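Student: I would like to go through this model with you, one topic at a time. Could we begin with the overall layout?

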Amino acid sequence: MTVIDANRMHEIEARYPEYFHRSFRQRFGGLMILVATLAYGLYAVWFFDLQKLLAEAHWERVGIYLSQWVSYDVQPDFRIQDDGSIEVRYPRFSPLGDNPHPDWVVNNPDGSITVSISGASRSVTVSKSETIVTAHGVSIPIELSSGAPKVVGPVPSWMTVYDDNVLADLGFAGDVSISLDRVKVRKRFIGWANFIFDTQSAFFDKPVGEVIGLIVSGPRIKPDQTNLSLALEDIWNNSEWQHGDVWTKLFQTIVMAFLGTLLGALAAFPLAFLAARNITPHRLLNQILKRLFDFLRSVDMLIWALFLTRAFGPGPLAGSGAIFLTETGTLGKLYSEGLENIDNKPREGITSTGAQTVLVHRYGIMPQIIPVIVSQTLYQWESNVRGATIIGAVGAGGIGLKLWEAMRTNANWENVAYMVILILIVVFLFDGASNALRHRLMGAKTH
Amino acid sequence: MTIANTQPRRQSTQEIGTAWERMVARRRFYTILGLVILIVAFVSSVRFADESNAGHFFDRLPHLFDFLSWLIPKDWNDVWRALFDITSVNDKGGEEFNFDKGRVYVSSAFYIPEYFELMIVTINVALISTIVAFIFAVPLSFFAARNLTSSWPLRIFTKRLMEFLRAFPEIVIAGLFSAILSIGPVAAIIAITLHTIGALGKLFYEVAENIDMKPHEGMKAVGANWWERVRFAALPQVLPNFTSYALLRLEINVRASTIIGAVGGGGIGEELKLSISRGFGAKTMALVLLLFVTIIAVDQFSAWLRRRLVGEHAFLLQH
C-alpha cells in the first residue's frame with residue numbers, strides 16, 4: 001500500500017474522529033476474542049490431555065493402516081526340519097488360494113529357498129544353517145546354528161534383535177522374522193486381492209480371457225448351473241469382500257434415508273399447515289406443534305435409533321424410524337417457516353370467490369409452496385444419505401455397522417476402503433441428482 | 001385488414017391453445033409418472049426394509065412403546081439421584097443403581113456428577129472442533145470464492161477438497177484415529193473437525209461470493225495485495241455471517257459429538273448407548289433429560305447470539 005506523510009495523516013484523523021477514537025470494545029474486542037480463543041485452546045489441550053495422547057500415539061499405524069487400504073500381504077512360513085529340508089507353509093485362506101506356487105519363492109539346487117521380496121534387491125535366502133537377508137544394498141547373514149539366531153557382523157538399523165528372533169523390516173515391501181527353526185516372511189502386494197473371485201471359486205486365478213471364454217462357451221463347471229450364473233453367484237458371495245452383503249447394506253442405507261425422509265415429509269406436511277401462524281390462527285396449537293418439532297429434532301436421530309433398535313431389533317426399520325422422527329421435526333420447521341413467508345394475496349383472491357378451505361389451500365398456497373417443499377425435502381434426503389452411515393453403527397442397519405465391524409477388527413482396512421469408495425460414489429451421485437432435480441424444479445436459482 | 005393477415009393469426013391462436021393443452025397434459029403425465037414411481041419405490045422400500053430387519057414391522061409394532069416402560073423408573077427420585085450422583089436407596093450392588101460410583105472428585109468434599117462431566121467432554125468436543133474447523137474454513141473459503149480467487153485450478157481444487165471432506169464418512173475417520181490415538185474423544189474431535197471444515201467451507205464461500213465488490217475495488221485501486229484485499233475488504237463484510245454459520249454448526253456439532261461418542265468416542269453418547277442397551281431406566285432418563293436440556297440451551301444461546309450478529313435471518317440446517 002502507498003504510504004502517506006504525517007501531515008496528511010493528521011488531517012484525515014481530524015476529519016474522521018469516529019474512526020480513530022473508538023471505544024474500548026471496538027479497539028480491543030477482536031484482540032480479546034483472539035486471546036479468549038487461544039486460552040480456550042490451551043484449556044482444551046489440558047482437558048483432553050493432548051501431550052500424553054500424542055506421546056502415546058501409535059503413529060507407525062498410520063502407515064500400516066493406510067498401506068492396508070490399497071494392498072494385501074502373503075505370509076509364507078518356512079520351517080526348517082531336523083533333516084535339513086525346508087517345509088513351506090502358507091496360511092489358511094491365503095490370498096493365493098489353496099495350491100500356491102508363487103514364482104517369487106525359488107527352490108535352489110542346494111536345498112535352500114530364496115524368497116524375493118522386492119525384485120532382486122530385497123530378498124531372503126533360507127537354508128539349514130543360516131538365513132541371508134539382502135536389502136538396502138547389503139547382505140546380512142544370520143546364523144541359526146547356535147542356541148539363538150545371531151547376526152553376523154554389525155546389526156543394521158532396519159534390523160531388530162530379540163532374545164529368540166531377529167526382525168528385519170524391509171519397509172512397504174514386507175518384513176522377515178527369523179527364529180531358530182522358522183522363518184516368517186511377509187510380502188506385500190499393491191492392489192486388492194481376490195476382489196472378483198475368492199479362492200474357493202472355480203474361476204479363481206484364471207486370466208480374464210479364460211474366464212470370459214468359460215462363461216461364453218466353456219463346458220459347464222457345475223452340471224446344473226450355467227457358467228454365467230455360477231460366476232455371478234461367486235462374485236456376489238465372495239467370502240473376503242462380501243460384495244453381496246456390502247451392496248445390500250449400502251442399499252439399506254439409501255432406503256433408510258428415502259423412507260425416513262418421505263414419511264417425515266408426509267407427516268410434516270399437514271402438521272406444518274397447522275403450525276403456520278398465518279394459516280391456522282390458533283396460537284396454542286401453533287405453539288404446541290412448533291415445540292413438538294423442536295423436541296423431535298433435538299432428541300436426535302441417535303437416541304431415536306437406540307430406542308427403535310430395542311423395539312424393532314437391529315435393521316433398517318429402526319434406522320428409517322429414527323430418520324422419520326427427526327425429519328418430521330426438521331421438515332415441519334422448514335415447511336411451516338416456508339408457509340409463513342408466502343404471499344397472502346392469492347389466498348385472499350381465492351377466498352373472495354367463495355371457495356372452500358381445501359380449494360383455497362390447493363390453489364392459493366400450494367403453487368407457492370411446492371418448490372420450497374420439494375427442494376427442502378430433496379436436500380434433506382441427500383443429507384440423510386450422508387448422515388445415515390453413522391446411526392448404522394449403533395445398530396440401526398445399513399453400511400455403518402459393516403464399516404464399524406471392519407474397523408474394529410483392525411485387519412480389514414481394504415474392506416473399509418472399498419466401502420468408503422462406494423459411499424463416496426453414492427453420496428456424489430445423490431448430490432448431483434438432487435442438485436439437477438432441484439434446478440429443474442425451481443429454475444436456475446437454488447433455495 | 002385482409003383475410004391473409006388474420007388467417008395466420010387465428011391459426012397461431014389455435015396453436016397456442018393446443019400447445020397449452022399439450023403442455024398441461026405433459027405436466028399432468030409427469031406428475032402422475034412421478035407419483036407412480038414414488039409409490040412403487042415406497043412400497044418396495046418398505047418391503048425391503050421389513051425383510052432385512054431383524055424383527056418385522058407388524059410383529060414388533062405392539063412392542064413399539066416397550067421402551068417407554070423401561071424408561072419409566074420404579075422410583076422417580078432415582079432420575080435425580082442418577083443425575084447428581086446421589087446414593088440411591090435401591091442400590092443393591094448391581095450396576096443399575098450405583099450412582100455414586102461415577103463421581104468425579106475435585107476436592108474431598110466437592111464432586112462433579114459423572115454425567116455432567118461427560119456432558120462437558122461432549123460440549124468441549126463440539127466447541128473445539130468448531131473453532132479449529134472455523135480457522136481452517138475461513139482461508140479455504142476465500143480460495144474457493146469465484147470473485148476473490150481468479151486462478152481456477154486452485155478454486156476447483158479447494159471446492160473438491162471441501163466436498164470430499166463433507167462426504168467422507170465420519171465414523172471411518174473416528175475409527176482410524178481411535179486405532180492410532182487410543183479410543184477417546186480426540187478421535188471424535190478430528191472426525192468432526194474434518195467434516196465441519198467441508199460443511200462450513202461451502203457455506204462460507206457462498207457468502208464470500210455474494211459480497212459487495214466495491215471495497216475490494218477500492219483496495220485494489222490503492223495497490224493493496226491479495227491478503228490485504230481479503231483482510232480489509234472482504235473479511236469485515238463476511239465475518240458476521242461466518243460467525244453466525246459457525247454458531248449454527250456448533251449446535252449441529254453438539255449432536256454430532258454425541259453420535260460419534262456412541263460409536264467409541266467417549267463422552268455422553270457412549271454412556272447413553274450402554275444405558276439404553278442394558279435397559280437402565282433411571283440412568284437413561286437422566287441422560288436423555290440432561291442431553292435435551294443442554295441441546296435446547298445451546299440452541300437458544302446460539303440463536304440469541306446469531307440474532308445479535310446478523311439480525312433476524314432465516315437459516316437452513318445443513319449437514
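Student: What distance separates the centres of domain 2 of chain A and domain 3 of chain A?

Tutor: Taken over C-alpha atoms, those centres are 56 Å apart. Please note that this is a predicted model, in which local features need pLDDT of at least 70 and side-chain atom pairs count only at pLDDT 80 or more, while totals for chains, interfaces and linings use all residues. Residues are numbered from 1 along each chain as its sequence is written, chains are lettered from A and ligands numbered from 1 in the order in which they are written, and side-chain values use heavy atoms, with hydrogens and water left out.

Student: Which residues belong to each domain of chain A?

Tutor: Domain 1 covers 6-47, domain 2 covers 69-190 and domain 3 covers 243-442. Such bounds come from an automatic or database domain assignment.

Student: And how is chain B divided?

Tutor: Chain B has domain 1 (18-59) and domain 2 (114-314). Their C-alpha centres lie 36 Å apart.

Student: Where does UniProt place "domain: ABC transmembrane type-1" in chain A?

Tutor: The unreviewed entry puts that feature at residues 250-434 of chain A. UniProt positions are given in the numbering used here, feature names are shortened, and annotations may be inferred rather than shown by experiment. The span is 87% helix and 0% strand, and its end C-alpha atoms lie 18 Å apart. Helices (H or I, at least four residues) and strands (E, at least two) are DSSP runs, numbered from the N terminus.

Student: Which residues of chain B does UniProt list for that feature?

Tutor: For chain B, the unreviewed UniProt entry lists residues 119-302. There the chain is 87% helix and 0% strand, with end C-alpha atoms 18 Å apart.

Student: Which parts of chain A are annotated "transmembrane region"?

Tutor: UniProt, in an unreviewed entry, gives residues 28-48, 250-274 and 416-437 of chain A. Residues 250-274 are 100% helix, with end C-alpha atoms 37 Å apart. Residues 416-437 are also 100% helix, and their ends lie 31 Å apart.

Student: How much area do the two chains bury?

Tutor: About 6400 Å² is buried between chain A and chain B, 76% of it on carbon and sulfur atoms. Buried area is the accessible area (1.4 Å probe) that two parts lose on being put together, summed over both.
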